[in-house]
Structure formats: structure tokens, C-alpha cells
Amino acid sequence: MIKKERSSIDDVVIRLAGDSGDGIQLIGSEFTIATALAQNDIGTFPDFPAEIRAPAGTLAGVSGFQIHFGSHDIYTPGDYSDVLIVMNAAALKKNLSNLKKNGIIIANEDGFDAKNLRLANIADHENPLKNQSLDGYKLYIIPITKLVKEALKNSGLGTKEIDRSKNMFVLGLICWMYDRSLNSSIEELKRKFANKPEILSANLNVLQAGFNYGETAEIIEEKYTVAPAPMEAGTYRGITGNTATALGLVAASVKSKLQLFYGTYPITPASDILHELSKHKNFGVITYQAEDEIAAISSAIGASYGGLMGVTASSGPGIDLKSEALGLAIMLELPLVIINVQRAGPSTGMPTKTEQADLLLSFFGRHGEAPMPILAANSPADCFDTIYEAARIALEYMTPVYFLSDAYIANGSEPWKFPNSNNLKGFNLNIATEKDITENKFYPYLRNENLVRKWALPGTPGLENRIGGIEKEDITGNISYDPNNHEKMVHIRANKVEKIASSIPLQQLDSGPAQGKILILGWGSTYGIIKTACLELAKENIIVSHAHLKYLNPFPSNFGEILEGFETVLIPEMNMGQLSLLIKNKYLKPVVGLNKIKGLPFSTHEIVDKVKSLLSV
Amino acid sequence: MSIQELENISSFTSKELVTDQEVRWCPGCGDYSILKQVQTVVPQLGLKRENIVFVSGIGCSSRFPYYMETYGMHSIHGRATAIASGLKIARPDLSVWVVTGDGDALSIGGNHFIHLLRRNLDLNLLLFNNQIYGLTKGQYSPTSVEGQITKSSPMGVLDHPFNPLALALGADASFVARSMDRDPKHLQTSLHRAAAFKGTSFLEIYQNCNVFNDGAFFIYSDKETKMEEAIFVEHGQALVFGENKNKGIRFANGQPEIVNLDEGKFSVDDLWIHDETDRYKASVLSRFYDDPAHAGHLPRVFGVIYAKERASYEQAVHEQLAASKTLFGDGDLDKLLRGKQAWEIK
Ligand code: SF4
């Protein structure tokens, strides 16, 4: 075989898949770091099995990790993969449909023995590695398990431990394929196994063996370089949406000088925020794992009443349970951030799968007239800025605020040029003092020009007052059943939310001209996909504009004018048309929906195709 | 009590705890007496008025905060315990009181109730038990007795009732007591005990709803029946009751037994001595819950049945925060944002 030179490519999507016990996520995260250090832009997405410990080798037990990286800006983890690396038959069966035609398959031969075929429900004589069914792909069959055993035969380790290190072989191999350094992985292994020298040396050994296999066996013809992406200079780190959300909360707490109280109940896919925050007690962060979702939000309201930054979080089913308490927070006019990491519903739905179907719930899911501000993050790193902004609005406007994320960006990761804490905006709090006492009285519902009342913290002499969920008299806060007062209070609460529009940035177009045939309007996690679609279209000289909403309630004040500039507004959403409904209603603007409710994000081509069909090209 | 607090004893009077709001309970409601006793006791606790918060849920009793010139929140049905938990964790410096009822605490808020007790936050939990839903006009509650005729049970209640004290002890409550609206002195003493106790002080208060369940507890307060039907326990004292104090409770063969002290067979020395720190005995006392119509039934127990301090939850929370700062140093935001594996792009 002739030793080829490395060929240079712009971008690539790799999907790794294997059994949950195969350490796929670790390969993914280590390869991500190595790739980041090679200065490529990246998007990643893990694909966890729904079951915690599905039987090894079965379809239900398949765990996956997709990484998209390149020498240009990357906005998504990629639609279809160029390379599929599978540790067993089930992993192949589950992921093959996601592989591009002519794509590369690297298969662990030992994962296709009789037992593994049976577990994957594949008949013996239909072994895909032998029956030509993969002829349309470039197939490499490598006996990874055997090679690892061979490499470790003198290690003194047991079969189980040897088998467990085979993920390092794959990591070494793909690092060779894409010309990545092993250094960061070596450092990480040293950190991880500092107290287990035999395991460390075995892992290092196998990692190198995988790399060398590529180098010397000369079986794999594909080897590449991916040039650094032209990223803004600065210091970066990789971050998932959930981690960014947690860090945004800690940052808001530090900058507002308010202790963070995070009241929550475990639920997929929001729990990682709890896990992250529970590590930051040295910031004074209180995480309270309540007995249920209702107690979670109630405790946060209690903490907020006491003057802390009260935050609660959940996903669909848990959010439903919090509705009544949200109404209370609206009535009390206390600051509160409520995080909804959306997942596919209704009911239990598909807990690990993504969806954007809680927008209308956020708008209208409470009895009575109960408006509240709603913000949605548009990428993993954007969760930081958006939750920080949600906290600002909650504290400055004395209101509960919805922060929407979803399983796609919560678990997905991207490089983040993290801010310097000095550059984070401070907060204007509305804490009442003795100066707010007029003629021996404190009026808890006296408001400023933005209709915001003051935060009267227990412990402040002279401000003793009673607040509650019962309709209250304007200014005094005393119980009132007066019809005119009720209507007045409903309007005040609604106007207060509307007034927030004056404190948020005007809506910008993300790309494209201010007038034209098509505006693609998105919100939340579809950002990267729409952006990539616009770039694809531009390559074909099809110019469309893209606007992406972060502020959903209230909408930015110039938003109506932006819509006016376009003949057609195309709204891709992972729901049955919820933003569409709001836009049609508020702006009387006909819109075209592109809706996907599969628990999966859009793929770029779905948006590209829709635009083309609208333009009849 | 800290010196600071002692200095401030009676820094406000009972009158200064009265708000400008008209009290809206039905005339004759037992809540009036409870309000009065609370307003009497609170100024004697050495607290600053601004540090006191009353949190309630929904129900007749839950109007309480509006009548107390302290900080107060009238929240939503069943959640006062959960809200107060968040508040107390956030602000351990405050004196937090929860006012709740049998429906609020034991039905819709049952979950928060038991979890509050097991966590043992240092707050005072006053449960006004009137064995009925008053505010919604007369449906049976989780403490209504079997067979009780109410608006929603015209042929009698089918549900077996909760025994609130036994439930609380089952949830590992650290302070469990019972008193009643119609015995102001006993109620005041009980409130003092509850307030002084560090941990969740659960005080069940029998409260007469004269509109929908009038007289439900009169046998424990009426002159003619009180001595036979109620037993008032005190730490270190023998369990004696009855007209002329001629009856006692003996603990024999793993069973409580009523004995007659006049017959010469048993004397006070043979009786059960109340030990409020003994949780096994407290469990038995909480089970004195027979239907008074039953022949040979045990008397209902009033007083502090169990009181044994253990670490409070909020204290543990704040100790952990402090420990974390000792271990890892004060949080450094820039370090946190940077994470463990940052890289530079030039
Ligand atoms: S309904 Fe009963 S409990 Fe309610 S206020 Fe009237 S008397 Fe009191």
C-alpha cells in the first residue's frame, strides 16, 4: 500500500457509538478537547440511551456521541455523519441511517460475534460485516478488542479492565486520522488515574496503540488535516448548555451580591444544572433538593421573599406542577427565575429527547391573567448570557422570569469565549429601606415608573407587611375584592411585563437584508441549524434573512417593523407551530411553519429544502 | 436566647401586634382565641418584631398573617411549609412561624408536612385542627372522624382519619405537642415551649369551628367531661387524670393500661412517668386516639408529648457552606468561568 499524504478537509462529522459500558462519551469529550486545541470550531451532541443500564450489546443500550468540527464557523453538531465508528452490531444497526452515502465505517470486529449479533436482533447469516450490505460505504473492520488484549497481555490486568480500556484505542486511532495531538488526553488520564498506576499505564499504552495502529498498520487510507478555524482571538473552553446555565446563575449571584438559592427536584434533562451548582458551595450557593416539584418552586419563592436570588428548574412534567406557585410569584411580585429544559412531551413523553413545545405553556400555562417574561437561549454557550439576563430582569422588575432551554442545547457543547467577570453588567436592585416609610407606613405595592414594587426584606424594621396570593389593593397590598381594583391590578401586572421591552435590546437580523422575500424566524435552540442553512443557501446564491428571538415576552419593541420587511416569514420550530400562533395573533402576519416533532433537532437540509420549495427553486 | 435578644424583651406589646385589618373569622370561631394567645406570647419571646415572619397556606386559619403586625405571607394551599422551608434556609436569623390547618397541612400539603418534619428546620408549625374544611363551607377533612356527617358526606365519612401526632412522630418530628383553643393558659404554655425549642416545633391546636363542626373537641374542655377525657402531661410527672385525680396510666406488658388509684391496688408510684425525650413512649402516647364513645378508651393527651433536639437542617446547610469555603477557599468567579481545560486562540 502506498503511503498517502494527509489530505486537508474543511469540516467533518464523526459519530461514535457503542454500548453504554464502552466509554463512548469519554472518547467524545477527550477528542473534543484535542480538537479544540487544534483550534477548530466545534459542535457536539451526546446521544444517551433512555435506559440507565440496558443489557449490554442491545439496541436499547447504545450510547452515541457526535462531533462536528472544521476550519470555519461551526453552528451545529452536524446532521449526517461522514464517519461512523461502532463498537458493536447494535451500534451499527442504530446509527447507520445517520451516515452519509459513501461514508466511512470503522467497526470493531469483535463486537459482531454471534452473541452480539443475537443481542442486536441480527440473524447470524446476516452479519453486516460479511454480507455486502455495507457495500455503499467504505468499511474498515478492525479487531479492536483483540488488539487491546494483545497490547495489554503483560499488564497483569483482568479481562474486564482490559476490555474497559478499548475506548482509548479508538481515541488514539481517530486522533491519528485527524492529526490531533494525544497530549491533552494523556494529561487527563494522568489526572484521572493518579492513584491507579496500573490502570493509567494500561490506558496510556492502549491510547498509543490506537494511534500507532493508524500510523503503521496502513490499513486506513483516510488521514486528514483540518486547518484551524478563524476564531476570534481569546481564551476558550468547551461548555454544555446546562453547565453554562449553572455558571450564569453563579455569575449573577456574584455580581448581584445575592446568595443563590436553587430549589429543584431531579428530572431529565435538567438535573445536570443541579449537579453543577451543588459543587459551588464556596460561592455560597444553596442547592435544595426538595421533596417534589411544588416544594422546589415554593422553597425558591420563600428564599426570594427572604432576599436571596431564588431559582427553580425542571422540565415538562415538573413545570406543569409548578404552575400554581408561579401564579403566586406573579401575585407576590417577587424575583424568581424558572428554568425549563424542554423535552419531548406530553406526559413522560421522551425524557432524553428534545422539543420546543412548551412555549405556549410558558405564555399561558397559568390560570387567570398571569403574564411573565420569557427568554430562550439559542446555543449551549448562549445559556450563560440568557440566564444572566433572565436573572437581571427578575431582580430589576420584581417578577418571575422563564428561561427556556432544551435537551438539544442542554447536552450539546461548543467552544465558549468566556467573559471576564469585570465585564459582566451589574444589577439595579429594588430593595426597600426605612426611607420608604411614609407617615409611619410602608406600602408594599407602591411602584416606580416601571411599575416595579420594592423588595421589603424581613428583618428591616418598620417595613413589616403582609403579602399573599389573594388579590390585593393597589399600593397598600391589603386584601381587596373590589371589582375595579382587580381590573386595575390585572392591567398593572400586565403593563409591568410590557414595560420590560424598554430595557431589552432591539431585535437584530442575524443575517441577510432588512427586506426581502423570506425571513427565517427562529427562537431557542434552532439557531445554529438555521444559521448553517442560511450559509448553505448563500453558497447557492439564495439570499434569505434570519432573525432569532431571545426575548419572547415581551417581544423587542421593533420586532413588528422587522416582520414588515418580508413577504414570507418562515418559522421552523420543534413543535406544531407555537411561535407561529403568537406571531399571527400579535402581528396579524401570515407565516409559514416548518414543524418537526420527532424529538430530534432539524437538520440543515430540511430548512434548505423548505426555503427552496417556497422560492420554487 | 442571646443577650441581644434578651435586651429586646418586650420591645413591642401585644397591642402592637394587631394590624389595621378587620378580623374576618366567624364570630365565635376558635381562631380568635389562638390569635389572642399568639399575640400574648410572641412579645414575651425576646424577639425583634421585624425578625418575625408568619407564613400560611389556604384555609380559615391561613388568614392569620394578615392579623399579625409582623412580616407575613399568605401563600397557596398546602405550600406554607415548603415556602417557610426555603425562607428559613435562606434566612436562619428569622423567627419563622407556619400557620396551617388540617386540610392545608395534612391533605393537599401532606408531602411537605412530613418532609419538613424529617428535615427539622427550626421553625414553629401551628396546625389548627378543626376536623373540617371551613373556608370551602363544610366538607370533611383528613382528620374528620369516620361516620361524620358533613356537606360532602351526608351519609357519613368513609375515610379513616389521620392521627396528626402519630404521623408527625412517624416522620421523625423532634417536637410534638397538642393544645386547644379553649384552654388559653395551656395554649400559651405550649406556644412558649414550641417557640423555645430549636427544630421544627409541631403544635397541634384543637380549634372549634362553630359553624361547620361545632363542639368537636368540647369533651376535652367542658368542665363535666374534661377530667375524664383529657390527660395533661408534663415532663417527669406521672400520668394522672380523672375527676379527683383518681385515675392513672400504667405501662404494663407493652400496653398502656388505665388503673384506678382509689382501689388500693396501684399507687402513683406504679404509674407511667412522662419522659418527653423518650420517643418510644411518645409513640404510644400519640396513639391515645380512641373514639371517646368506646368503652374503656384512653384519654386524649395534651401537652408536650415529645421534645428532643437534633441538628436543624438550615444549620447543617450553612455549616456545609462554611466547610466548603474552608476547603476550597472563597469562590473565584473568573476561575470558575475558565474551567479546567481552557485554550488560547491568538
Ligand atoms: S368557618 Fe369555622 S373555622 Fe372558619 S372562620 Fe368560621 S368558624 Fe372559624
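1. Across the interface of chain A and chain B, 33 residue pairs are found in polar contact, with both residues of each pair at pLDDT 80 or more; please bear in mind throughout that this is a predicted model. On the side of chain A that touches chain B, helix α11 (residues 293–305) of chain A gives the largest share, namely eight residues. Sorted by class, that side of chain A comprises 40 nonpolar, 21 polar and eleven charged residues.

2. As to charged pairs, the count between chain A and chain B is four salt bridges. One of them joins A:E464 to B:R49, where the closest N and O atoms lie 3.8 Å apart, a separation to be read against the cut-off of 4 Å that defines a salt bridge here.

3. The contact involves 72 residues of chain A and 58 residues of chain B, and the area buried between the two chains comes to about 5600 Å², with carbon and sulfur atoms giving 61% of this area. Of the area that chain A buries against chain B, 13% is supplied by A:N282, A:E464 and A:R466, which is more than any other three residues supply.

Methods:
Residues numbered from 1 in each chain as written. Chains lettered and ligands numbered in written order. Predicted model: local features only at pLDDT ≥ 70, side-chain atom pairs only at ≥ 80, totals over all residues. Heavy atoms only, no water. Contact = heavy atoms within 4.5 Å. Buried area = accessible area lost by both parts, 1.4 Å probe. Salt bridge = Lys/Arg side-chain N within 4 Å of Asp/Glu carboxyl O. Polar contact = N/O pair within 3.5 Å; in protein donor to acceptor, adjacent residues only side chain to side chain. Helix = DSSP H or I, 4+ residues; strand = E, 2+ residues; numbered from the N terminus. Nonpolar A, V, L, I, M, F, W, Y, C, P; charged D, E, K, R; others polar.
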